Amino acid sequence: MSILIEVCVDSLESAILAVRGGAKRLEICGCLGLGGGTTPSLGLVRSIRKALPDIPTMVMIRPRTGDFLYSEDEMSVMVEDIKCFKTEGVTGVVLGVLTSKGDVDVERTSRLVKLAVPLEVTFHRAFDMTRDAQEALRAIASISGITRILTCGHGPTALSAQERESPVAQAEFSQKRPHYPLALRCLKKKALALESSIIILPGSGIKHSTVATLIKTVWPVGVREIHMSGGEWVEGDMEWRPEGMGMGVGGRGEWGVWKTSQESVTWAREAAEAAISSIGSLS
C-alpha cells in the first residue's frame, strides 16, 4: 500500500512538476507564497485540468489572505466561486469558516458545503486556528459532506488526558512546539471514536527530512494521505529591475517566482515509501 501525496500549486508549471515528482492529487491555489494561498483563477484551473486530465484537483476557496472570519460580502464571493468551479469537473473544494471566538462557524461552513456537494470538501488549516481541536473536530464531523481535514496537528489540545500523561507525550509537549505527528495520530483516533468517515490529512512542513517520522507515527492508525507544497521562491528572469521599485512583497518574492520543486516532491515520496516499507517489515 502506498501513501497519497497531495501537492498545493499555484501555476501550471508547478502542477506539472508536482505530478512528475509523484503527486497523486493537486490542491490548486493562487498566491501560495503569500499567506497560504487564495482562490485561483478560472484560467489556471482550466489549464491544469486540460494538461493533467487524470489527476484529481481540489480548488481553494479563500477570497483573501489573513484570518478566516468572513463578512457576508466575502461569503457571497465564495458562493459564486464554488458555483463556478463546480461546473469545471474538479474533484472538490477546500474551505473553512471560523467565528470571531475561534470556533468552527458551523452555519456558514454548512452553507458552503451544501452548495459544493457532491464534490469532495476539505476543511483547510483554519482548523489549526481554532481554540480547541476536539470541539472543532466534533463541529466539522457534524457537517454532512466534509471529506477531510487538512491540519498540522493543532497542538496539545488534541490529546486525551491519558495520552498527555504518557512519557512520549510529556517529553514532546514540554517543548515550545508540540509533537505534531503524535497530535495527528490522536486526532485520527478521535475521528474514529466519533464514527466519522472524515480523513485526517497531515500538512505543513512536510518534506523528505520530516516525512518518515510523520509516517511512522500516523500510518498505524490509518492515515493514508499527506499534503505538501514542495515550493520555494526561485530567482526570476527579469534583467531590468528598477532600483527601489517593487510591488510590496519584499525579500526574494519581490522579483522571484514561487515554484514547486519536482525533486522535493520526489524525495518526500521516496522517504515516505521507505518509511512505509520499514513499518511493514516490522509487522
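The structure, a predicted model, holds 17 salt bridges. Local features need pLDDT of at least 70, side-chain atom pairs count only at pLDDT 80 or more, and totals for chains, interfaces and linings use all residues. Residues are numbered from 1 along each chain as its sequence is written, and side-chain values use heavy atoms, with hydrogens and water left out.

Student: What makes E225 and R25 a salt bridge?

Tutor: The definition asks for a side-chain nitrogen of Lys or Arg within 4 Å of a carboxyl oxygen of Asp or Glu. The closest N and O atoms of E225 and R25 are 2.9 Å apart. The pair therefore qualifies. E225 is in strand β8 and R25 in strand β2, 200 residues apart. Strands are DSSP runs of E, at least two residues, and helices are runs of H or I, at least four, numbered from the N terminus.

Student: Why is E225 called buried?

Tutor: Buried means under 20% relative accessible area, exposed over 50%, partly exposed in between (1.4 Å probe, protein chains only). E225 has 10%, so it is buried. R25, at 4%, is buried too.

Student: Why does D67 count as partly exposed?

Tutor: Its relative accessibility is 44%. That value falls between the 20% and 50% cut-offs. D67 forms a salt bridge with R64, at 3.0 Å between the closest N and O atoms.

Student: How do you know that the buried residues of α3 line one face?

Tutor: They are E74, M75, M78, V79, D81, I82 and F85. Seen down the axis of α3, they fall within an arc of 165 degrees, so they line one face (the arc is that of the directions from the helix axis to the C-beta atoms).
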